[in-house]
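Here is a short briefing to read alongside the model. It starts with the ligands and then moves to a few individual residues.

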Amino acid sequence: MLDTLFHPFVLNDTLTLKNRILMAPLTRCMADDNLVPTQAMIDYYARRADTGLIISEAILIRADGQGYPHTPGLFTPEQINGWRKVTDAVHNNGGKIFAQLWHTGRVAHPFFFNGEYVLAPSAIALEGTLPRMRELTYTVPKPATKTEIEQLIADFSQAAANAIDAGFDGVEIHGANGYLIDQFLHFSTNERDDEFGETPENMARFPLAVIDAISQRIGRDRTGLRLSPGGYFNLEGDARDRKVFDYLLPEVEKRCLAYLHVGIFDDSMNFDYLDGSVSQYMRAHYQRTLVGVGCYSPQTGSDAIEAGKFDLLAIGRPLIANPDYVNKIQSGKALTPYDDTMLAQLI
Ligand code: FNR
Ligand code: 8K6
């Protein structure tokens, strides 16, 4: 029964979603040279306003977080104005939209912001070269000092305030997929011996400080979070990471955020040190609203919700291929299959 997907869902006192299908955050690299959303992006998001909640593509909190070409920002007045047009268009079509706030940490490249170095927890470089820019090799990052960490927290908080100024209904903190926040949470990228490393409490300190700063600034009811306890993208998982997330998830739960979102590409992936899939592990350690994702169809997604595996379903690639995804599944029409060539253009 797909019906489950179409029921409204009360997230909290401020937010009720008209259905349980979320648009997953999807980087498209289509902003203009000043990292401002374009008219094509406004139209692209507006077409998807029938989802219960759109989570925007990852948006840079500041210039030195950039790791791919033409990813949008939310740190200049021009960028804020650009996003205002997107949120207006989504709201005019009856939708809701959160901004996913992003700093790539060691996955950034000085090429994009004309800088000297990138910041990360520790001086451990990502191996290899940038996607589609094979002449650029990842650099050895500079371990962020305590002062730089405080500035990053302040900049995350400012970007959240900018998102609200731009008309977003809330923000999702991008703590997943091996980017800055996630780099603090895994041993393969965090070798610090100060209050941000070595123990679960220390490794969770920066992520929790970002969460607290943002939820105090814009309200916890408007703050969501994405996490990847399983390392699978941009960093390697380590059995010791388990303890970090065992500590972090109850701490997050206490903060009563709008939702927690699984960060994974394929939820059938199992991780030895998590004793199963990431969504199973998160559900076992977190009782509040959980968003599942990763290679789900409408049927498998609604089955998972009915079985209590998670509460809301985020859909990524199928929504790239089908702007009218919700309408199609509601009316029983066939979906257009996704393929990677569709990334070249916003439809
Ligand atoms: C992604 N994903 C992703 N995740 C995220 O947190 N922020 C992002 O900006 C992006 N960008 C992105 C771009 C592209 C082209 C893809 C394919 C994926 C991951 C995405 O949100 C989702 O977790 C996966 O796509 C799995 O869901 P589907 O596609 O199987 O429904
Ligand atoms: C935030 C992201 C930027 C770029 C996104 C690229 C997406 C690529 C498409 C999919 C490939 C992903 C594979 C990852 C899974 C690895 C499994 C071991």
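## Ligands and their surroundings

An oxygen atom of ligand 1 has a backbone N or O atom of Ile264 at 2.9 Å. On its own, ligand 1 has 610 Å² of accessible area, and the protein covers 92% of it (areas come from the Shrake-Rupley method with a 1.4 Å probe, and for residues only the protein chains shown count as cover). This is a predicted model, in which local features need pLDDT of at least 70 and side-chain atom pairs count only at pLDDT 80 or more, while totals for chains, interfaces and linings use all residues. Residues are numbered from 1 along each chain as its sequence is written, chains are lettered from A and ligands numbered from 1 in the order in which they are written, and side-chain values use heavy atoms, with hydrogens and water left out.

**Ligand 1**

- The shell of ligand 1 holds 19 residues, and the closest are Pro25, Thr27, Arg226, Cys295 and Arg317 (a residue is near a molecule or strand if one of its heavy atoms lies within 4 Å of it).
- The side chain of Gln100 places an N or O atom 2.8 Å from an oxygen atom of ligand 1.
- Ala58 contributes a backbone N or O atom, 3.2 Å from an oxygen atom of ligand 1.

**Ligand 2**

- Around ligand 2 you will find Thr27, Tyr68, Trp102, Tyr179, Tyr232, Phe233 and Phe265.
- Ligand 2 taken alone exposes 540 Å², of which the protein buries 57%.
- Six nonpolar residues, one polar and no charged residues make up this shell (Ala, Val, Leu, Ile, Met, Phe, Trp, Tyr, Cys and Pro count as nonpolar, Asp, Glu, Lys and Arg as charged, and the others, Gly among them, as polar).

- Gln79 sits in helix 3 (residues 77-92) (helices are DSSP runs of H or I with at least four residues, strands are runs of E with at least two, and both are numbered from the N terminus).
- With a relative accessible area of 1%, Gln79 is buried (buried means under 20%, exposed over 50%, and partly exposed in between, using a 1.4 Å probe and protein chains only).
- The Gln79 side chain reaches the backbone nitrogen of Phe75 at 2.8 Å.
- Beyond neighbours within four places in sequence, Gln79 is in contact with Asn34, Leu35, Val36, Pro37, Gly73 and Leu74 (contact means heavy atoms within 4.5 Å).
- Asp64 belongs to the loop between strand 4 (53-60) and helix 3, and Asp64 is buried at a relative accessible area of 14%.
- The side chain of Asp64 makes a polar contact of 2.7 Å with that of Arg62 and another of 2.9 Å with that of His103 (a pair of N or O atoms within 3.5 Å; within protein, one must be able to donate a hydrogen and the other to accept it, and residues adjacent in sequence count only if both atoms are side-chain atoms).

- Val278, Ser279, Tyr281, Met282 and Arg283 are buried in helix 10 (residues 278-285).
- The cover over these buried residues includes strand 11 (223-227), helix 9 (241-254), strand 12 (259-262) and strand 13 (290-292).
- Ile329 lies in helix 13 (residues 325-330) and is buried, with a relative accessible area of 9%.
- Not counting residues up to four places away in sequence, Ile329 touches Leu2, Leu5, Phe6, Ile21, Pro298 and Leu335.

**Cysteines**

- The whole structure has zero disulfides (pairs of cysteine sulfur atoms within 2.5 Å).
- Cys256 is partly exposed at 24% relative accessible area, while Cys295 counts as exposed at 54%.
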